[in-house]
Amino acid sequence: MLARVQSEALSGLDSHAVAVEADVVAAAPAFTIVGLPDAAVQESRERVRTAIVNSRYEFPSRRVTVNLAPADVRKAGPSFDLPIALALLCATGQSRCLLADVAAIGELGLDGAIRPVAGVLAVAQSAQRRGLRALLVPSANAREAALVSGLRVLPAATLREAAALLAGGGAPAVERPDPETLLRDEAAGNADLLDVLGQGRVKRVLEVAVAGAHNLLMVGPPGSGKTMLARRVPSIMPPLSVAEAIDVTRVYSVAGLLPAGVPLVVRRPFRAPHHTISAIGLVGGGATPRPGEVSLAHLGVLFLDEFPEFRTSALEGLRQPLEDGQVTISRALTSLTFPARIMLVAAMNPCPCGFRGDKGRECRCASHRLAQYAQRLSGPLLDRIDLRIDVPRLTPRDRRERLQGEPSAVVRGRVLRARARQRLRLAPAGVGANAHLSARGLRELCVLEPQAVAILDHAYDKMRLSARACDRVTKVAQTIADLEGSDTILSRHVAESLSYREPSWSRR
């Protein structure tokens, strides 16, 4: 007897329909799965067999063939356990498949329990787009799936519950989480700019960077506060919108990093990978491509401490996401795109020993070591970093008098006002921040006074800026103008932007 159950397969951050077909015939006992399954899907034979028996059903002593269609698309992961088991129960007459417009996903335990799987939000969005009426999911994933409106969610904790639901049995209503309520109830983090003593100029640069979503490089000796400052960047960033929160949640769901019981990511991501990370770990990829740290930091902050110590291949892999806001990973049979609209915050020492230019400590680095250290960061990569700032050691006065400056909430208010100006001005270009403007959008939507143009032209020659660097200087100047509430980029805005372009160590 032949039975069919609908399911979904992940492909990057998207999902596509898969029909799970089970055929049971009177022949020598065998259990075969076809349709380009990976090792995890092949192993589902033993999980499905044992779960069926331990759920007090009968596993057929006949020839069982399971086909995952379409057969030319690779199927990966344990999420096909549940639809395979349900198809077998229907094929053997132990359950009724009355709901043709229902898809099912879930991993089975040997006792018949249904375990949560990754990517449920992407699966639910795909099921809703293709017109399915309901989605049968593990109970632990129910609230995540319920974020998608217009789709009925059927939660099941065991195989027997799932079989009853597939046969048309009633299901408890899953309350749809209200994303706006979840975002509104976001708890404030503990990190605050008030924790950082002194460093007024660096805090100003952080404000400019966040206001325009610009990439930032901080250069300073050990203990100057670079990491402490970086970890407080999210505290002055605008809150996530509903659409942004769902985008971030989908990435974390596919990566299997969504915490249990949390249906929605409500804070902007902050990712700080160690400098020993591989290029695949940072950018994404693998035999079955998965999102890397740049995608996990989508719409948030990617903090790279000890910037020159990262592998060259990993750093050079950042070029595309920094320019395009996405990562494209190509394989022989497929090409996948992951979002990567990040704000890069990098930190480094001015030299290998860390004390070049420090008035209190003497640099011990030989000239050849300084040259090697500088060569670890390529010109094209540095060209994509808008702001580069020195972070000096804390002065005795700042440490003694405990000069703290403004709290994050005050700075965040100015950032929000600047972002609101940008949204209105940049609406024709379809972007929300100055850093994301194209060269054409920059020419059409940003207005410079004549004196500002003259300063920019002079700097182009004297500082040997590339055309891309010149555009980025203009974008930063526009952000400074937005913070000031000016409709025109003035000469002082360009001058301040240029002062953030080259840290002092690079001019020695």
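Me: How many residues does helix α8 have, and what does it reach from its first C-alpha to its last?

Reply: Helix α8 (residues 200–212) has 13 residues and reaches 19 Å from first C-alpha to last, close to the 18 Å expected at 1.5 Å a residue. The expected span is 1.5 Å times one less than the number of residues. Helices (H or I, at least four residues) and strands (E, at least two) are DSSP runs, numbered from the N terminus. This is a predicted model, in which local features need pLDDT of at least 70 and side-chain atom pairs pLDDT 80 or more, while totals for chains, interfaces and linings use all residues. Residues are numbered from 1 along each chain as its sequence is written, and side-chain values use heavy atoms, leaving out hydrogens and water.

Me: How many residues of α8 are buried?

Reply: An α-helix has 3.6 residues a turn, so residues three or four places apart point the same way. In α8, 10 of the 13 residues are buried (under 20% relative accessible area; exposed is over 50%, partly exposed in between; 1.4 Å probe, protein chains only).

Me: Which strands does β8 pair with?

Reply: Two strands pair if DSSP finds at least two bridges between them. Strand β5 (residues 102–104) runs parallel to β8, joined by 3 bridges, and alanine 104 stands opposite leucine 136 in β8. Strand β9 (residues 152–156) also pairs with β8 in the parallel sense, over 5 bridges; here proline 138 stands opposite alanine 156. As for cover, 5 of the 5 residues of β8 (residues 134–138) are buried.

Me: Is valine 64 buried or exposed?

Reply: Valine 64, in strand β4 (residues 63–69), is buried, with a relative accessible area of 0%. From alanine 28 it is 36 residues away in sequence and 9.4 Å in space, C-alpha to C-alpha.

Me: How much space lies in the largest pocket?

Reply: Rolling a probe the size of a water molecule over the atoms shows where empty space is left. The largest pocket holds about 820 Å³. A pocket is an open set of points on a 1 Å grid over the protein atoms alone, where a 1.4 Å probe fits, with protein on both sides within 12 Å along at least five of seven lines; lining residues have an atom within 4 Å of a point. Points are joined across faces, edges and corners, and the volume is the space filled by probe spheres set on them. Of its 36 lining residues, Leu10, Ser11, Arg74, Ala76 and Thr288 are the closest to the centre. Strand β1 gives the largest share, 4 residues.
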